[in-house]
Amino acid sequence: MWFLTALLSALTFGLAGFMMKVSSMKKGSMLSLLWGLYFSGTLGFLWWMYVTNTVTFTLPIILSGIIIGMGSAFGNLLFMKALDYGPASLTSPLVNSNIVFTLVMSLLFFNETLSIAEIIGVTLLILAVMILPIDPNETLRIQYMKWYGWVILATILFFLRNGGLKITEEMNLPNTPILFISYLFGLLCFSMGIIQNRFASFRSSNTKVGLYWGLLSGIFSFAGLQLYAHSLIEGPASIVAPIFSTNSLIVAILSILIYQERLSGIQTVCLILLFSGLISIRITIS
């Protein structure tokens with residue numbers, strides 16, 4: 001069951017990522033997009049806390065939520081900042097390498113083990129995620145040294161989010177209130193950004209576009225992370241985390257289908273690696 005839940009987490013979180021892409025294609029404001037995402041996401045986790053009767057706020061839960069919230073909110077900001085200074089072909093796969101840290105942490109500190117078939121499957125998934133953004137037509141030359149700092153910090157911050165949920169699960173902390181606090185933290189951060197702009201941007205059409213797609217994206221972001229947290233309870237993070245990371249492939253597939261983006265040779269290889277990896281893992285746990 002955890003395998004299906006992990007797949008659904010990748011699908012729903014991928015839908016959230018695609019809606020962010022739609023906003024970008026329509027020239028939506030990034031600030032309003034992120035505010036909308038964390039607003040609807042916060043409401044989603046608040047609703048789920050009451051449904052599951054997990055409304056509890058202890059000091060470890062609050063601190064964990066803030067740390068994971070920092071990873072989510074600041075990770076997104078620094079990733080976008082890195083894209084301003086360097087090519088996506090290098091930035092995205094390097095930042096996505098945070099899943100390797102979660103995998104290694106699970107194997108070294110939480111006594112998880114992988115069979116040969118699972119190792120092959122996980123390796124194929126990681127390769128698919130890492131090479132997906134590579135564009136052979138894009139220059140890979142780095143002109144700004146600060147790019148390295150943004151990439152390293154964004155990678156660490158995203159590990160705080162993804163790996164942090166594994167750590168809190170091992171601590172037997174309920175992840176729903178932790179995720180609620182993390183999204184509330186992000187909402188407060190981006191609310192401060194809007195206040196600093198004196199709400200002027202809310203009158204622009206770009207802001208309305210970003211807000212609309214951000215609110216929709218937040219719903220699927222909430223569902224994706226909630227499913228991811230649940231799959232970590234039942235399944236090994238050394239497999240769940242790589243499966244969850246394939247959400248970037250969902251964005252690519254939807255872009256191809258909806259925007260008629262041409263399927264490149266590299267993307268074809270990624271899809272082959274993706275399905276081969278999932279089949280290898282699925283056969284093992286059958």
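This is a predicted model: local features need pLDDT of at least 70, side-chain atom pairs count only at pLDDT 80 or more; totals for chains, interfaces and linings use all residues.
## Positive phi in two loops

Most residues other than glycine have a negative phi. Asn-111 has a positive phi of about 55° although it is not a glycine. The residue sits in the loop that links α5 (98-109) to α6 (116-131). Its relative accessibility is 70%, so Asn-111 counts as exposed.

Asn-172 also has a positive phi, near 60°, and is likewise a residue other than glycine. Its loop runs between α7 (146-170) and α8 (175-196). Asn-172 counts as exposed because its relative accessibility is 70%.

## Ser-221 in helix α9

Helix α9 spans residues 205-234 and contains Ser-221. With a relative accessible area of 3%, Ser-221 is buried, as the limit for that class is under 20%.

The side chain of Ser-221 makes a polar contact of 2.3 Å with the side chain of Tyr-183. Leaving aside residues up to four places away in sequence, Ser-221 touches Phe-13, Ala-16 and Leu-37 as well as Tyr-183.

## Asn-98 in helix α5

Asn-98 is placed in helix α5. Its relative accessibility is 4%, and Asn-98 therefore counts as buried. Beyond residues up to four places away in sequence, the contacts of Asn-98 are with Thr-155, Phe-158, Phe-159 and Asn-162.

Helix α6 consists of 16 residues. The distance from its first C-alpha to its last is 23 Å, close to the 22 Å expected at 1.5 Å a residue.

The buried residues of α6 are Glu-118, Gly-121, Val-122, Leu-124, Leu-125, Ile-126, Ala-128 and Val-129. An α-helix has 3.6 residues a turn, so residues three or four places apart point the same way. Among the buried positions of α6 are Glu-118, Gly-121, Leu-125 and Ala-128, and the list also includes Val-122, Ile-126 and Val-129.

Note on methods:
Residues are numbered from 1 along each chain as its sequence is written. Side-chain values use heavy atoms; hydrogens and water are left out. Helices (H or I, at least four residues) and strands (E, at least two) are DSSP runs, numbered from the N terminus. Buried means under 20% relative accessible area, exposed over 50%, partly exposed in between (1.4 Å probe, protein chains only). A polar contact is a pair of N or O atoms within 3.5 Å; within protein, one must be able to donate a hydrogen and the other to accept it, and residues adjacent in sequence count only if both atoms are side-chain atoms. Contact means heavy atoms within 4.5 Å. The expected span of a helix is 1.5 Å times one less than its number of residues.
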